[in-house]
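Student: I would like to learn how to read the features of a protein model, one step at a time. Could we go through an example together?

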Amino acid sequence: MKIVIIDYGAGNIQSIKFAIQRLGYEAILSHDAVTIQSADKVIFPGVGEASSAMEKLRSTGLDTLIPQLKQPVLGICLGMQLMCNYSEEGNTKGLGIFDVDVVKFSNKVKVPQIGWNTLTDLKSTLFKGIREQEYMYLVHSFYAPICAETIAVTNYEMDYSSALKKGNFYGVQFHPEKSSNAGELLLENFLELK
């Protein structure tokens with residue numbers, strides 16, 4: 001299986017690569033369109049700021065490539081947020097895959113949300129074997145509200161989308177590569193998708 005982690009200068013791609021290795025697979029880091037298109041599975045990570053990350057995607061043409069991919073694609077953290085229509089962070093137009101706008105938590109709660117929080121309302125084979133109220137690791141100041149494409153919910157100030165799905169595109173706000181057994185199981189489920 002050919003697994004490609006999109007390398008566009010945003011994020012903790014090495015920790016995702018190591019998590020894939022722990023599962024017994026090798027992943028390629030690449031920003032090359034042909035390499036990405038020929039992958040069986042694509043992981044779109046991201047840690048950082050939305051507008052500068054989108055600039056990097058635009059400068060390499062990845063902003064037009066990613067929405068056209070036909071194989072399973074998993075966006076992680078900022079990767080998931082960039083797959084949405086828009087983000088309040090840096091007033092950023094996203095890739096428009098998920099039909100929801102990303103907004104900032106209010107100043108009524110500690111921002112960013114850092115640490116472990118639970119998942120509920122799990123829908124999709126992405127969560128096969130993962131129980132309701134499972135803890136995952138999160139670090140974020142912005143969130144995707146609940147929408148038609150929500151497949152998991154987390155509560156911090158209010159319920160929000162901790163995972164999204166549309167067709168072959170999946171997004172998770174949490175970091176499966178840092179989230180112990182449940183995170184590894186989610187990555188394994190993703191790699192088993194057809």
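Predicted model: local features only at pLDDT ≥ 70, side-chain atom pairs only at ≥ 80, totals over all residues.

Student: What percentage of the 194 residues is buried?

Tutor: A residue counts as buried when its relative accessible area is under 20%, and in this protein buried residues make up 54% of the 194.

Student: Now for the helices. Which residues of helix 1 are buried?

Tutor: The general idea comes first: an α-helix has 3.6 residues a turn, so residues three or four places apart point the same way. In helix 1, which covers residues 13-22, the buried residues are Ile-13, Ile-16, Ala-19 and Ile-20. These residues cover an arc of only 120 degrees around the axis, which puts them on the same side of helix 1. They pack against strand 1 (3-6), strand 2 (27-30), strand 3, strand 4 (73-76) and helix 6 (180-192). Just after helix 1 comes Gly-24, with a positive phi of about 95 degrees.

Student: Which residues are buried in helix 3, and which exposed residues does the face turned away from its buried side carry?

Tutor: In helix 3 (residues 50-60), the buried residues are Ala-50, Ala-53, Met-54 and Leu-57. Their arc around the axis is only 100 degrees, which puts them on the same side of helix 3. The face turned away from that buried side carries Glu-55 and Ser-59, which are exposed. What covers the buried residues of helix 3 includes strand 3 (41-44), helix 4 (62-65) and helix 5 (78-82), together with strand 5 (84-87) and strand 6 (92-93). Helix 3 is followed by Gly-61, whose phi is positive, near 80 degrees.

Student: Where is Leu-78 found, and is this residue buried or exposed?

Tutor: Leu-78 is found in helix 5, and with a relative accessible area of 3% this residue is buried. Not counting residues up to four places away in sequence, Leu-78 touches Gly-46, Val-47, Gly-48, Glu-49, Ala-50, Ala-53 and Glu-89. Two of these, Ala-50 and Ala-53, are among the buried residues of helix 3.

Student: What should I look for in the backbone angles?

Tutor: Most residues other than glycine have a negative phi, and most peptide bonds are trans. In this model, Ser-124 has a positive phi of about 110 degrees although it is not a glycine, and Glu-157 likewise has a positive phi, of about 75 degrees. Ser-124 lies in the loop between strand 8 and strand 9 (134-140), while Glu-157 is found in the loop between strand 11 (150-156) and strand 12 (158-166). Ser-124 is partly exposed at 28% relative accessibility, and Glu-157 is partly exposed at 33%.

Student: Which residues is Ser-124 in contact with, leaving aside its neighbours within four places in sequence?

Tutor: Ser-124 is in contact with Ile-151, Lys-165 and Tyr-170. Although Ser-124 and Ile-151 are 27 residues apart along the chain, their C-alpha atoms are separated by 6.5 Å.

Student: And where is there a cis peptide bond?

Tutor: A cis peptide bond joins Val-111 and Pro-112, with omega about 0 degrees. Pro-112 has its place in the loop between strand 7 (98-104) and strand 8 (113-119). Both Val-111 and Pro-112 are in contact with Ser-141, a buried residue with a relative accessible area of 18%.

Terms used: Residues numbered from 1 in each chain as written. Heavy atoms only, no water. Buried < 20%, exposed > 50% of the residue type's maximum accessible area, 1.4 Å probe, protein only. Helix = DSSP H or I, 4+ residues; strand = E, 2+ residues; numbered from the N terminus. Arc of directions from axis to C-beta. Contact = heavy atoms within 4.5 Å.
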